[in-house]
Structures are given as structure tokens and as C-alpha cells.
Amino acid sequence: MAVRAAPGFPTPRLPPGAKLTAELAELGRHLFYDTRLSGNGTQACSSCHLQARAFTDGRVTPTGSTGSVLRRNAMTLTNVAYNPTQTWANQLLVHLEQQAAVPMFGDNPSSSDHRNEEEVLDRLRTDATYQALFAAAFPGEAAPMSFGNIIAAISAFERRLISGNSALDRFRRGDATALSDSARRGEEMFFTERFECHHCHGSFNFTIAVDHAGLAEPSIAFFNNGLYKRRRNGDYPRSIRGCSS
């Protein structure tokens, strides 16, 4: 089953072996909002990725369930299905399944505290709703409740968080009334060489780092925008190289 794309948006690419069914995404939706998934049962994925805030938390940096303050901000999950990489700090984290393990099992600092995986799984095993959801999402598996399947389900849910109905999206689809005159002037300036915004913020997703099923290879691009001059070569300080929460 292909990922549902917004009108005018390309079909996202699924990583090898990944699947996306309605049953899997529904399981992922439940898990995403379930605080029992954290080690101490106090936070869910949605605690740092609030739907009302475009799946961010509105904070400079989030605080994990153990009280640790993370060094990187909680990135938006909107349109993450099109990300060619999932963090700035590690270009090898290219799939949502890989990234999901970072907040779950990372310990520098810990954000979800999964030191006792079986305890977390036992919370779900005794829940009749989850028994049915896991069975539907992973038919034929004798023991479908595992952290691997949890990560697969959450990733499937996140791939459906596609936003493609903004005023600009509607304008590009032919609705001439969707943008105000002021917004249209802003769009014209945005795509001029005078302001050069579009060089880094182009394409349907306003980033040139993008991936989808229509590309032969992902477009991965990292730039030093000149805001950091702490080293002679203008490089970013090693302690703050991007988002990896």
C-alpha cells in the first residue's frame, strides 16, 4: 500500500522491507499517544510532538521523561515521509525506523528511559485493545508485541502526517483566491535572486533536501549558513551540530 500523498505532492518512498497498511498506521497512532511507552510511564511521543503545534512542542529544547533536557529541539513531524535524512547530526539515520530508536533507547541524555523493555511490553500485553491492534497489524505472527514492531507501527503513522493543503498549496493547484495580494508579493520576493530564499527552501516541501518515489536517489544537502564563526574555517561547533533529539 502506497503512502497517501496530498494532491500535487509526489508519492513518498518506503524503505526496503517497510510496509504501510491502515492497520499498521492505526496501531502506530495509538502508540504515538500512549505514555505507557516511556520507561516510567509519564511521556508519549506526542508529549514532544504536539499536533496542535505542527508536531513540535514549542520549546527551545524538550525535557525527557527522566527530567533530562535534550540538546536538540523536537523537530516537526509534518511531512517527515519526504525527509532524506532524519537528523542533522547523523546522516546515516535515513529512515524513520532508525530515528525512532534514538529517543527510545538513547542515553546521552535519556529521553524515554527504556531500561526495562519487558516491563514496557507487559503494559501493552495486558491491554485487550492492543492485543487486537497488534494482531491486525502483524497477521500471522505468534508474538507480534515487540519493540521492533512498535517502531514499525509508529513509523507508519508518522508517514501519514502529510500536510499539503496550505493556502500556498491551494494557490498552486489553481485557487487564485487562496493567497492575499501581500502573500503573493512575498512569494515573488521569496523566489528572486535578490533574496535567494529559494536556493535552500525550494521544492514542494520548501527544502532542497528531499526524497520521494519519483527520484532516482535522495537529495541530501547540508549547508553552513554562516551563523557560526567560532572556528577559523566557519564550521559549526562540534557540540551543537544539528538536531538529533
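## The big picture

Two residues are in contact when heavy atoms of one lie within 4.5 Å of heavy atoms of the other. Keep that in mind as you look at this predicted model. Take the contacts in the protein chain between residues at least 6 apart in sequence: 56% of them join residues at least 24 apart.

What is the chain built from? It has eight helices and zero strands, so its pattern along the sequence reads α-α-α-α-α-α-α-α. Of its 245 residues, 39% are buried.

## Helix 1 and its buried face

Start with helix 1, which runs over residues 22–32. Which of its residues are buried? They are Leu24, Ala25, Leu27, Gly28, Leu31 and Phe32. Look down the axis of helix 1 and you'll find these buried residues within an arc of 160 degrees, so they line one face of the helix.

The buried residues of helix 1 pack against helix 2 (45–48), helix 4 (117–125), helix 5 (128–137) and helix 6 (147–158).

## Helix 4 does something similar

Now hop over to helix 4, where Val120, Leu121, Arg123 and Leu124 are buried. These residues cover an arc of only 150 degrees around the axis, which puts them on the same side of helix 4. And what do they pack against? The buried residues of helix 4 pack against helix 1, helix 5 and helix 6.

## Where helix 3 crosses helix 6

Next, find helix 3 (residues 96–105) and follow it to helix 6. The two pack at an angle of about 115 degrees, and their axes are 9 Å apart. The crossing of helix 3 past helix 6 is right-handed.

Which residues meet here? From helix 3 come Leu96, Glu97, Ala100, Ala101, Met104 and Phe105, and from helix 6 come Phe147, Ile150, Ile151, Ile154, Ser155 and Glu158. Sorted by class, this contact has nine nonpolar, one polar and two charged residues.

## A histidine tucked into a loop

Histidine 49 sits in the loop between helix 2 and helix 3. Is histidine 49 buried or exposed? With a relative accessible area of 16%, histidine 49 is buried, because buried means under 20%.

Who are its partners? Setting aside neighbours within four places in sequence, histidine 49 is in contact with Phe32, Phe55, Thr56, Ala74, Met75 and Leu77.

## Cysteines without a bond

How many disulfides are there? A search of the whole structure turns up zero. Take cysteine 48: its closest cysteine sulfur is in cysteine 45, and at 9.0 Å that is too far for a bond, because a disulfide needs the two sulfur atoms within 2.5 Å. Cysteine 200 is in no disulfide either, as the nearest cysteine sulfur, that of cysteine 197, is 9.4 Å away.

These two cysteines also have their own accessibility values. Cysteine 48 counts as buried at 17% relative accessibility, whereas cysteine 200 is partly exposed at 34%.

## Two positive phi angles

Most residues other than glycine have a negative phi. Now check the segment after helix 8 (181–190), where you'll find glutamate 196. Phi of glutamate 196 is near 60 degrees, a positive value, and the residue counts as partly exposed at 45% relative accessibility.

Phenylalanine 206 is also found in the segment after helix 8. Its phi is positive too, near 55 degrees. At 30% relative accessibility, phenylalanine 206 counts as partly exposed.

Note on methods: Residues are numbered from 1 along each chain as its sequence is written. This is a predicted model: local features need pLDDT of at least 70, side-chain atom pairs count only at pLDDT 80 or more; totals for chains, interfaces and linings use all residues. Side-chain values use heavy atoms; hydrogens and water are left out. Buried means under 20% relative accessible area, exposed over 50%, partly exposed in between (1.4 Å probe, protein chains only). Helices (H or I, at least four residues) and strands (E, at least two) are DSSP runs, numbered from the N terminus. The arc is that of the directions from the helix axis to the C-beta atoms. Axes are lines fitted to C-alpha atoms, for helices over the stretch in contact, and angles run from 0 to 180 degrees between N-to-C directions. A crossing is left-handed if the near helix is turned anticlockwise from the far one by less than a right angle, and right-handed if clockwise. Ala, Val, Leu, Ile, Met, Phe, Trp, Tyr, Cys and Pro count as nonpolar, Asp, Glu, Lys and Arg as charged, and the others, Gly among them, as polar.
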